[in-house]
Amino acid sequence: MNRLLRHARAYGGLLAAVVRANLGRPAPFKATVVLTERCDCRCEICWIWKKPKGREPTPADVARFLRGAPTIRWLNLTGGEVFLRDDVEAVAEAALEAQPRLAVLDFPTTGQRTERIVPAVERIARLGIPRFFVTVSVEGPPALHDRLRGRAGAFDRMIATYGALRRRRGVAAFLGLTLSAHNADAVDATLDALAARLPGFSPREVHVNVATTSGHYYDNLAAGVRKPARPHAAVRKVLARRRARWHSPTDWLEATYLALVPRHVRTGRSPLPCASLFTSVFVGADGAVRPCTVFDRPLGDAYATPLPVLLATPEAEAARADVAADRCPGCWSPCEAYQTILARLPRAIAAR
């Protein structure tokens, strides 16, 4: 009963935050926090692995940030590869202790360290966070995946990790496919390769997004990243394989995201008025708060100053105004797009 009550309160807080966002009241409910910029892959479209390595937040840092950010209900921990750290479980535990009404915890992984990832995910699942999900990255069928990830045998290790996670209780495991000019024409081959290796595989297990460039995060402005030339075709293939638009709120969110990808590729802008700094913030490995993964506007140190104080400064007000006026670089990354959809529900429904 106590767990049911905790879950009800957590989901209620997230729902209330979404309602406030739709009423135009800025109060971030999602935070993306970078735990490390180390990585065990050498991807062509993401150059985090090339960046000089510096500070990494401790579990106490993350807890301090959340205690000073009382409206956060959704925490995305990211890298680099988070499981190159040995204390991801401690970070999750500290986060939940600092914010007991945390409703959603998620993180991506390359899936290269199966023996480390699986037991760690099992331990985090036992914390009882209402919605806990892990996304294991896939870039294409085996040869293409290994080439784009810059690591021989990466597909096999990814499959081993995902295969072990997909049946674990307490965690929703998915595969994450980032579409770019490198792999958008290989959607069918990717899904076929996954089906051949994963018994009972469904295309609904694959979450799809479109490649993004960023100077301060991915450090890939010079990587020659190109978005898919024919996003309509790639998106149609994904949705057609699913044989249904949506079966859950998560499916609906992704279907809405995918439906708006072609508009973003055509215009280079967010298809909906971006809600960064209104509904979400990005915290770099060094603690610098920025509006999102793309907009390089540092606003202060999340681990030294409470978030409401940072967001009340003239600098934050100016950044929020620039986001609202679409004077940011422009993107359609799920890190920001999902909460933008939630904060713009009438427009999102009409746009589809």
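The legends below describe close-up views of a predicted model.

**View 1**
In soluble globular proteins, nonpolar side chains tend to be buried together. The largest nonpolar core of this model has 97 residues, of which Val33, Phe65, Leu175 and Leu194 touch the most other members. Helix α3, spanning residues 88-98, supplies the largest share of this core, with 7 residues. Phe65 is in contact with Ala31, Val33, Val281, Val283, Ala302, Tyr303 and Leu307, when neighbours within four places in sequence are left aside. Another core, of 10 residues, lies apart from the largest one; Cys39, Cys43, Ile48 and Phe282 are among its members.

A pair of aromatic rings is described by the distance of the centres and the angle of the planes. The structure holds 7 aromatic pairs. In the pair of Phe133 and Phe174, the ring centres are 6.4 Å apart and the planes stand at 80°, so the pair is edge-to-face. The pair links distant parts of the chain, for Phe133 belongs to strand β4 (residues 131-138) and Phe174 to strand β5 (residues 172-179), 41 residues apart. Phe133 is buried, with a relative accessible area of 14%. Phe174 is likewise buried, with a relative accessible area of 14%.

**View 1. An aromatic cluster and two lysines over tryptophan rings.**
Ring pairs join Phe83, Phe107 and Phe132 into a cluster. Elsewhere, a lysine lies over the face of a tryptophan: Lys30 is placed over Trp74, at 4.5 Å from the ring centre. Lys50 lies over the face of Trp47, at 3.6 Å from the ring centre.

A disulfide is a covalent bond between the sulfur atoms of two cysteines. A search of the whole structure finds 0 disulfides. The closest cysteine sulfur to that of Cys292 belongs to Cys331 and is 5.2 Å away, which is too far for a bond, because a disulfide requires the sulfur atoms to be within 2.5 Å. For Cys331, in turn, the nearest cysteine sulfur is that of Cys292. Cys292 is buried, with a relative accessible area of 7%. Cys331 also counts as buried, at 12% relative accessibility.

Side chains of opposite charge can pair when their charged atoms come close. A search of the whole structure finds 19 salt bridges. One of them joins the side chains of Arg64 and Asp61, with an N to O distance of 2.9 Å. Arg64 and Asp61 are separated by about one helical turn, because they are 3 residues apart in helix α2 (residues 59-67). Arg64 counts as partly exposed, at 37% relative accessibility, whereas Asp61 is buried, with a relative accessible area of 10%.

**View 2. Salt bridges between distant parts of the chain.**
The side chains of Arg166 and Glu205 meet in a salt bridge, at 2.9 Å from N to O. This pair links distant parts of the chain, 39 residues apart: Arg166 lies in the loop between α6 (154-165) and β5, and Glu205 in the loop between α7 (187-197) and β6 (206-210). Arg166 and Glu205 are both buried. Arg230 forms a salt bridge with Asp185, and the closest N and O atoms are 2.9 Å apart. Here too the pair links distant parts of the chain, with Arg230 in the loop between β6 and α8 (231-242) and Asp185 in the loop between β5 and α7, 45 residues apart. Arg230 and Asp185 are both exposed.

Ser333 lies in the loop between α11 (314-324) and α12 (334-343). Ser333 is buried, with a relative accessible area of 2%. Apart from neighbours within four places in sequence, Ser333 is in contact with Thr212, Tyr257 and Thr293. Arg320 is found in helix α11. Not counting residues up to four places away in sequence, Arg320 touches Pro26, Leu277, Phe278 and Leu311.

Terms used:
Residues numbered from 1 in each chain as written. Predicted model: local features only at pLDDT ≥ 70, side-chain atom pairs only at ≥ 80, totals over all residues. Heavy atoms only, no water. Helix = DSSP H or I, 4+ residues; strand = E, 2+ residues; numbered from the N terminus. Buried < 20%, exposed > 50% of the residue type's maximum accessible area, 1.4 Å probe, protein only. Contact = heavy atoms within 4.5 Å. Core = buried A, V, L, I, M, F, W, Y, C linked by side-chain atoms within 4.5 Å. Phe/Tyr/Trp six-rings, centres within 6.5 Å; stacked < 30°, edge-to-face > 60°. Lys NZ or Arg CZ within 6 Å of the ring centre and 35° of its normal. Salt bridge = Lys/Arg side-chain N within 4 Å of Asp/Glu carboxyl O.
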